[in-house]
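Subject: Handover of a model and its strand pairing

Dear colleague,

I am passing on the structure below and would be glad if you kept it open while reading the notes that come after it.

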Amino acid sequence: NNRFVIVYQNPTLDNNSFETENTIQVYSSRKKIGIKSSQSLLEEVKIYDISGRLLCVKSDINSSEITLTDVTLSDQMLLIEISTQNGLKTIKKIIN
């Protein structure tokens with residue numbers, strides 16, 4: 001009866017995406033989009049409209065904060081894909 005072995009593991013919420021989601025803030029104010037990272041430097045930001053059209057790309061940011069002013073903002077939902085220098089990617093949604 002040695003066919004089965006029960007192994008107990010305790011990986012309590014071992015998910016890096018929780019850490020990423022909470023460390024990047026995105027805000028929209030007065031036709032500007034601000035992005036701030038509290039734990040790592042930003043590498044690239046891509047902004048899409050709801051139909052998937054690429055509106056703006058900023059690369060080689062090398063900063064923990066950026067303000068984008070050259071994005072055409074009308075009353076719509078935008079998807080913001082954010083890449084950090086440590087290889088993490090996240091997508092935030094804002095409604096302007």
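What follows is a short account of how the strands pair.

This is a predicted model, in which local features need pLDDT of at least 70 and side-chain atom pairs count only at pLDDT 80 or more, while totals for chains, interfaces and linings use all residues. Residues are numbered from 1 along each chain as its sequence is written, and side-chain values use heavy atoms, with hydrogens and water left out.

Strands here are DSSP runs of E with at least two residues, numbered from the N terminus, and two of them are said to pair if DSSP finds at least two bridges between them. On that basis there is an open sheet of 3 strands in the order E1-E2-E5, with antiparallel pairing. Its edge strands, each pairing on one side only, are E1 (24–29) and E5 (65–68), and neighbouring strands of this sheet are turned by 15° against each other on average, direction ignored (the axes being lines fitted to C-alpha atoms, with angles from 0 to 180 degrees between N-to-C directions). Strand E2, residues 32–37, pairs with E5 over 4 bridges in the antiparallel sense, and Ile35 has Ile66 of E5 as its bridge partner.

Turning to E3, this strand (residues 42–49) runs antiparallel to E4 (residues 54–63), and 6 bridges join the two. Their hairpin has 4 residues between the strands, and in this hairpin Gly52 takes a positive phi near 95°. E3 also pairs with E6 (residues 77–84), in the antiparallel sense and over 7 bridges. Lys46 has Val57 in E4 as its bridge partner and stands opposite Glu81 in E6.
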